[in-house]
Amino acid sequence: MSPSLFSRRGLLVGASAAIAGAACAEPPSLKAAAKRAGRRFGCAVEPQTLAADGDFRDLVAQQCDLLIPENAMKWNALRPSADAFDFAAADAVIAAARAQGAQVHGHCLVWHEAMPNWAAGPIDGPTARDRLEAHVGAVAGRYRGAVASWDVINEAVERNDRRADGLRRSLWLEALGPDYLLTALDAAHRAAPQARLAISDYGLEYDHVTWMVEKRGTMLALLRDLLRRGAPLHALSIQGHLLGAEPASFGLGLRRFLSDVADLGLEIYVTELDVNEQTLTGSAAARDAIVADIYRRFVDTILNEPAVRFVATWGLSDRYTSKTEMFPHADGLDVRPLPFDRDLRPKAAARALQAAFQRAA
Ligand code: XIL
């Protein structure tokens, strides 16, 4: 047998094995599918769960090449008092990501929620500036090189607060004015010059919800203004908390918004994807089908935009989701917002995500 024939036969055997493998692709590998589409797939994690549940940890490692700390990098986790830091939980997320070769997206350096009591009250400008710069510098600096990208500011826009610029009247805004955004971005950039810095928000997803469409405009104006002022800003994080009760209106409006963001030279991250199915009724399979369709429509739309660099779900399995406490079903049905079920089996949503990445590849 000639060597070339031998190698051709080898190729053929290899190819048919690959096809057979694809045909019974159980479980899906979302990170592999995302990679072929030039993206990453990730999820939010709690270090306690990863440590306590080996099966869940294996699923995360198998599916994700990006991790986001769900709570471990918020002020109330990091700051027991004004003069102390507790990095244990945050360090554990970094260690878990390192162990599985995943990138880390940090969340979040500045937010009006999750503040410890000692830091929650109003403060004067100089104290606020010192506190903000010290916190952002210390946290971004500690994880320089370990955190690839950061939600530096979370949920800064609140149009109901009725300011002309649409900014939320947060503790930081009241003390420092709108400049707090630049102060925080500058401090993060000084401490971690390689990290990609993002502004994160919710309520940007739906084309038929008037306040969301208006919020897109507010957000674009804010991003444009920060860039004009020379802010070290590299990305917009869209949370992606989707709603089972709403029509999946992820159409031309969303596409246009994403391309406007990309035209500013920014990357786009989807950081907190899940589907609130609190109002859905019926069998688990029926609810899962509706949830999967919402995932499919949203992810198909956003993957049309090359600036979208990663998609992360807020948790991975229904076994661990903050929806259980925040949006339980009135009749005690199990909550099913995520791609994998409580038994860590892929649901229709996992297959929908996998297929969406395949279409985008
Ligand atoms: C949530 C966590 O999932 C909960 O465990 C915690 O009790 C409260 O915060 N938008 C955000 C996230 O930016 O940080 C929030 O996470 C969910 C809404």
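## Salt bridges

Asp207 is partly exposed, with a relative accessible area of 24%; that label covers the range between buried, under 20% relative accessible area, and exposed, over 50%, using a 1.4 Å probe and protein chains only. Its partner is Arg216, and the two side chains meet in a salt bridge at 2.9 Å, N to O. A salt bridge here is a side-chain nitrogen of Lys or Arg within 4 Å of a carboxyl oxygen of Asp or Glu. Arg216 itself counts as buried because its relative accessible area is 5%. Keep in mind that this is a predicted model, so local features need pLDDT of at least 70 and side-chain atom pairs count only at pLDDT 80 or more, while totals for chains, interfaces and linings use all residues. Residues are numbered from 1 along each chain as its sequence is written, and side-chain values use heavy atoms, with hydrogens and water left out.

Searching the whole structure turns up 25 salt bridges. One of them pairs Arg163 with Asp165, with 2.7 Å between the closest N and O atoms. Arg163 is partly exposed at 23% relative accessibility, and Asp165 is partly exposed too, at 31%.

Glu277 sits in the loop between strand S8 (267–276) and helix H13 (284–302), while Arg287 is in helix H13, so the pair ties together parts that are 10 residues apart in sequence. Helices (H or I, at least four residues) and strands (E, at least two) are DSSP runs, numbered from the N terminus. Glu277 is buried, at 2% relative accessibility, and Arg287 is buried at 2% as well.

Strand S2 (residues 66–69) is covered on both faces. Leu66 and Ile68 are buried on one side, and Leu67 and Pro69 are buried on the other.

S2 has parallel partners to look at. Strand S1 (residues 40–45) runs parallel to S2 and is joined to it by 4 bridges; for strands to pair, DSSP has to find at least two bridges between them. Val45 stands opposite Pro69 of S2. Strand S3 (residues 103–110) runs parallel to S2 as well, with 2 bridges between them, and Val104 in S3 is the bridge partner of Leu67.

## Cysteines

How many disulfides are there? The count comes to 0, taking a disulfide as a pair of cysteine sulfur atoms within 2.5 Å. Cys43 is in no disulfide, and the nearest cysteine sulfur, that of Cys64, is 3.8 Å away. Cys108 is in no disulfide either: its nearest cysteine sulfur belongs to Cys43, at 17 Å.

Cys43 is buried, with a relative accessible area of 0%. Cys108 is buried as well, at 1%.

## The ligand site

The residues around the ligand are Glu70, Asn71, Lys74, His107, Trp111, Asn154, Glu155, Gln239, His241, Glu272, Trp314 and Ser322, each having a heavy atom within 4 Å of the ligand.

Some of these side chains place polar atoms by ligand oxygens. In Lys74, a polar side-chain atom lies 2.7 Å from an oxygen atom of the ligand. An N or O atom in the His107 side chain is 2.7 Å from a ligand oxygen, and for Ser322 the distance from a polar side-chain atom to a ligand oxygen is 3.0 Å. Taken alone, the ligand exposes 420 Å², and the protein buries 75% of that. These areas come from the Shrake-Rupley method with a 1.4 Å probe; for residues, only the protein chains shown count as cover.

Cys108 lies in strand S3.

Which way does phi go at Ala114, positive or negative? Positive, at about 60°, although Ala114 is not a glycine. Ala114 lies in the loop between S3 and helix H7 (117–120), and is buried, at 19% relative accessible area. Leu344, also a residue other than glycine, has a positive phi near 70°. Leu344 lies in the loop between helix H14 (323–326) and helix H15 (348–360), and counts as buried because its relative accessibility is 14%.

Note on methods:
A polar contact is a pair of N or O atoms within 3.5 Å; within protein, one must be able to donate a hydrogen and the other to accept it, and residues adjacent in sequence count only if both atoms are side-chain atoms.
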